[in-house]
Structures are given as structure tokens and as C-alpha cells.
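This report is a first guide to the structure shown below. It moves from the chain as a whole to a few of its parts.

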Amino acid sequence: RAVAAFGRIDTLVNNAGATMWARFEDIRDMAILARIMQVNFMGAVYCTHYALPHLKSSRGRLAGIASLTALVGVPTRSGYAASKHAMRGFFDSLRIELADSGVSVTMVYPGFVSTGIRENASGPDGKPIEVSPVKEGEVMGVEECARISLGAIEARRREVVMTFRGKMGMFLKLVAPGLVDRIARRAIEKGR
């Protein structure tokens, strides 16, 4: 439809997301995990597959909006983390495959963003938790996240890690991975 309406595709931003907020051992229906993988990972795969010929023709831009959870495991988010890790692996591999095509691949790793996704997160029973466990007023706003994302995509950057905590976490994961686990646990417990 985009090609029919505009004649071409210059940029594809894969930004769909579904999440969960439950310890893995408490999940009663594994369909929760399948749904999250279908939306977060396979949604990006299918959209990319159908847009790729058009992006190659326009030497366009391809982006995956993941999460800091794509870089480190996070308690209560096992299925979400798995789907975002899968996105990261897929787009990193695709970047190499497309190296000579003129298509850039940018991965975006925001921290908590006040989007409403958490209110719709699946709890252990598969139903939305309805109340965000995150202090929404203390996390990045949608406008700031979009501005940073668009800047990175426009500049054809390989990736952007949006928060200081995320950047520090990537470094610490190399030298003190146990510390990163404790920081991730605290972030979930504090809701920011």
C-alpha cells in the first residue's frame, strides 16, 4: 500500500511491540511468549521481507526499535527480552548481508519510554496488568525517543543506545556481568 500510495519506500521503522510483566516460573500459558515473539520479532521479519526490494531500489533505511532489554536480560521480561534479542541478531545479520546494497540498518535501544505499553503487558495469567509498574513520569517521553531515533536513522548510524544507564551497562557487561544483573533487577524493582 505504501508503494501504491507514494511510489516507493525510503525508510522502514520496525516499532511494533508487545510485552510482559511476570516471572517465567509464574506464567501459566506459554502462548504469551509465542504472541510476544510473533509481534516483536516475526512482525519485524515480515515487514522487512516485503519492504526490502523497495528499500534496495531506493537505497533506503531500515530500522529496528528494540529495547535495552535486547542487550541484557531483565527479570519479569524473559519473553520480551528473547524477542528483542532475536531482533538484534536478525538486524545485525541483515546489516552484513546488505553491506553493498546501499540500505542502512540502524538498531535503536531505548530504555523505559512512556508509551502505555506496560499497561497492556501480559501478566502471568495472560491478561493485561492494566497498571504500569514503572514510574511513567520519570522515564523518557515519546517525543524525545522519536527525535533520537529519527536522528540516528537519518544519519544511518549502526545503533543508538539512548540512556546513560544503557551505555554504562554495555561497558559493565564486559567487565562485571554480575553487577549488570543486579542493576537490571533493581531497575525493575524501582520501576525506572
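## Overall make-up

The chain contains 6 helices and 4 strands, and these elements, read along the sequence, follow the pattern α-β-α-β-α-β-α-β-α-α. The model is a predicted one, and the values in this report are computed from it.

Of the 192 residues in the chain, 43% are buried. Among the contacts between residues at least 6 apart in sequence, 70% join residues that are at least 24 apart.

## Helix α3 and its cover

Helix α3 covers residues 78-97, and its 20 residues should span 28 Å at 1.5 Å a residue; the end C-alpha atoms are 29 Å apart, which agrees with that expectation.

Which residues of α3 are buried? They are Gly 79, Tyr 80, Ala 81, Ser 83, Lys 84, Met 87, Phe 91, Leu 94 and Arg 95.

Ala 70 is found in the loop between β2 and α3, and it counts as buried because its relative accessibility is 0%, where buried means under 20%. Leaving aside neighbours within four places in sequence, Ala 70 is in contact with Lys 84, His 85, Arg 88 and Tyr 109, and one of these, Lys 84, is also among the buried residues of α3. The C-alpha atoms of Ala 70 and Tyr 80 are separated by 8.6 Å, and the two residues are 10 apart along the chain.

## The pairing of α5 and α6

Helix α5 (residues 164-175) packs with helix α6 (residues 177-190) at an angle of about 145 degrees, and the axes of the two helices are 6 Å apart. On the α5 side the residues that meet α6 are Arg 165, Gly 169, Leu 172, Lys 173 and Val 175, while α6 contributes Pro 177, Leu 179, Val 180, Ile 183 and Ala 187. Sorted by class, this contact has 7 nonpolar residues, 1 polar residue and 2 charged residues.

## Cysteines

A disulfide is a covalent bond between the sulfur atoms of two cysteines. With a limit of 2.5 Å between cysteine sulfur atoms, the count comes to 0 disulfides. Cys 47 counts as partly exposed because its relative accessibility is 41%, whereas Cys 145, at 10%, counts as buried.

Terms used:
Residues numbered from 1 in each chain as written. Predicted model: local features only at pLDDT ≥ 70, side-chain atom pairs only at ≥ 80, totals over all residues. Heavy atoms only, no water. Axes fitted to C-alpha atoms, helices over the stretch in contact; angles between N-to-C directions. Contact = heavy atoms within 4.5 Å. Nonpolar A, V, L, I, M, F, W, Y, C, P; charged D, E, K, R; others polar. Buried < 20%, exposed > 50% of the residue type's maximum accessible area, 1.4 Å probe, protein only. Expected span 1.5 Å × (residues − 1).
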